[in-house]
Amino acid sequence: AQLSCLARLLAAKNLTADFGSFPPDLLLFFRPSEVHAGTCREFYARASRGNLDLLPRGSSRRTRLLRGALTCLGVQGSRLEPQQLGSLGALVCDLETATIPASGPAILDNLKLCPALTGAQQDALNALLLTGDTAYGDPSSWDLRTLQNLGPLVLALNQTTLSLVAEAAREDFRRSIVAAYSSQGHSQREKSLILLRVFAAASAASHPRLKRSTDRCPSEPITADSILVLTAEQLDLCLSSDFLIENLEAVLEQPIPSQFSKILKKKVDQLFPLGIPEKQLKRLGMLSRLYTEQEISQWSVTSSDTLSALLSPSGGRWEDSQVQQLLSRYLALGGSLTGPLLQEIGGERLCNLQEEQIQQIPAEAIGTAGQLNISSCSQTKKEQLYRKAREAFGSLASTPGPYYCRIQPYLGGAPAEDLKDLANTGVAINMDLDTFLALNPKELQKLSVTDVKNLLGENLPELKEAENEPLVVSWVKTQSQRELDCVLGIGLQGGLQEPTGTASPARPTTPASVTSMATVTTSPHPTTSASVTPVASSPMATTLPTVPTTSASVTSMGSVPTPITLPTVPTTPRPSASV
């Protein structure tokens, strides 16, 4: 959201043309209208080097970015030329799978930029590599350097491809992973562990009957570094619980296979049969992820430091149900959720909390939690979190721009009254389309055409692109088509039409007209010689003369015959005057 706000500020000051001086991540949030045709190739080549994960896959903003790049580069069909691939960069990751075989070996460098490949993309990649018609040659000729040059593509290799790689090359590569493991960051370690499991499976498939001796412990003393040379049976037989606890951090620094992890957990449980002390819970790291919800419900998690240590991503990925139980235990023991803890929990898992637990979150924690993605929350939970966010950011309400940037992730829980207030601050909000489409549908129906125009601001044209979204369709149906045309002017159709065949109110065509006898009393002003006085108020003659059809004639909604004879109106008898 901060990058999105910054991009809007640059656009408001007409500073987007100098995109070369901005980081690629920021360019991902530029609107298509700010990309000029003459420099679009350079723009998309730079933007494609940004972190695409900042834009959720399938979001309208990410889709528009790819569509704009393809249009700029003149891409037609599945085949991409080398020059086009050079400008598209990681944007290729969102293209159809057919692009991989159609574009040939040149696409491999682009695929290295993808945070993750889908299953279909992995299959297409392996099929391309198995042809041998790439810079890497036939898999049977690969050595350590080849596997290293493949980079992140190694993670996508399947067992069919790996089975063709010489065992010596696989073993050299495995050893290189182990050697580099201790100096790697958390995300890279996760990838290393995946590779170790994949290569171990390939080796097991090559030698299904291979079995190492497990009948005795090694003569050398066990150290943290030497654990990996043991078999699982030797580890279980020879590793003491005391040694493990004393050297737990050093042991967990190693790329421990999943089978070894289970043995280490068993050793810890044997040492603490009455429950793991809180100071030891902080040290469990990856082993903590092996505990069941039932086991976690018995943990003594009373400190925010303990909870933070357990939630640290360095220990690997938790299952949502485990986090739910861990947080429930912490809150049940009197713990409070702070901003940093909410950051570590993440918006998605926050949505898994019970409504009663969300209610316990202090508003100030929301204020210091940074950006939380709560799109997966139920509507009730979105409303709970919105109320807390409104309280947390209330001091910014007098400055609509900064206030919107902070409250934006929580607007899915906002009532129509607050959205109307935001729309009528007199300051351009320029709400992005993804945020608009995430609003509560029931509350959106209460917004007027002008409200929506003010909220979207410069992003209003994008609403036309989303006209088939159910949320937009249902809103349009409740609006006047005349207002949609006159106020928005972007071509939205499907609004309410004005009734046809209804006569508009009668208007006098001249000052001299016949006023309705049934509804109008005598005019206080004198009539002209050409006017006809209402009959009901006249004490005079019982018949009126013929009225010619001139400019001072009777005006009627229907056809008026000429001459007109009004009916006789009885009057009160007057006494005869004596002659």
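Predicted model: local features only at pLDDT ≥ 70, side-chain atom pairs only at ≥ 80, totals over all residues.
Residues are numbered from 1 along each chain as its sequence is written, and side-chain values use heavy atoms, with hydrogens and water left out.

**Figure 1**
Two packed helices are described by the angle between their axes and the distance between the axes. Here the axes of H30 (residues 449-456) and H33 (residues 481-488) come within 10 Å and cross at roughly 30°. Axes are lines fitted to C-alpha atoms, for helices over the stretch in contact, and angles run from 0 to 180 degrees between N-to-C directions. The angle makes H30 roughly parallel to H33 (angles under 35 degrees count as roughly parallel, over 145 as roughly antiparallel, 65 to 115 as roughly perpendicular and the rest as oblique). On the H30 side, Val449, Thr450 and Lys453 make the contact. On the H33 side, Glu483, Leu484, Val487 and Leu488 do. Contact means heavy atoms within 4.5 Å. The residues of this contact divide into four nonpolar, one polar and two charged. Ala, Val, Leu, Ile, Met, Phe, Trp, Tyr, Cys and Pro count as nonpolar, Asp, Glu, Lys and Arg as charged, and the others, Gly among them, as polar.

**Figure 1. A disulfide joins Cys40 to Cys72.**
A disulfide is a pair of cysteine sulfur atoms within 2.5 Å. In this one, S to S is 1.9 Å. The link of Cys40 and Cys72 is right-handed, with 85° about the S-S bond. Cys40 lies in helix H3 (residues 40-47) and Cys72 in helix H4 (residues 60-73), so the pair ties together parts that are 32 residues apart in sequence. Cys40 is buried at 9% relative accessible area. Cys72 also counts as buried, at 18%. Buried means under 20% relative accessible area, exposed over 50%, partly exposed in between (1.4 Å probe, protein chains only).

**Figure 2. Cys93 and Cys114 are linked by a disulfide.**
The S to S distance is 2.0 Å. With -100° about the S-S bond, this link is left-handed. Cys93 sits in the loop between helix H5 (82-88) and helix H6 (99-103), and Cys114 in the loop between helix H7 (108-111) and helix H8 (119-130), so the pair ties together parts 21 residues apart in sequence. Both Cys93 and Cys114 are buried.

**Figure 3. Cys217 pairs with Cys238.**
Their sulfur atoms are 2.0 Å apart. The link is left-handed, with -105° about the S-S bond. Cys217 is in the loop between helix H12 (186-206) and helix H13 (232-238), while Cys238 is in helix H13; the two are 21 residues apart. Cys217 is partly exposed, at 35% relative accessible area. Cys238 counts as buried, at 17%.

**Figure 4. The setting is a chain of 33 helices and zero strands.**
Helices (H or I, at least four residues) and strands (E, at least two) are DSSP runs, numbered from the N terminus. Of the 579 residues in the protein chain, 41% are buried. Among contacts with a separation of 6 or more, residues 24 or more positions apart account for 61%. A search of the whole structure finds four disulfides.
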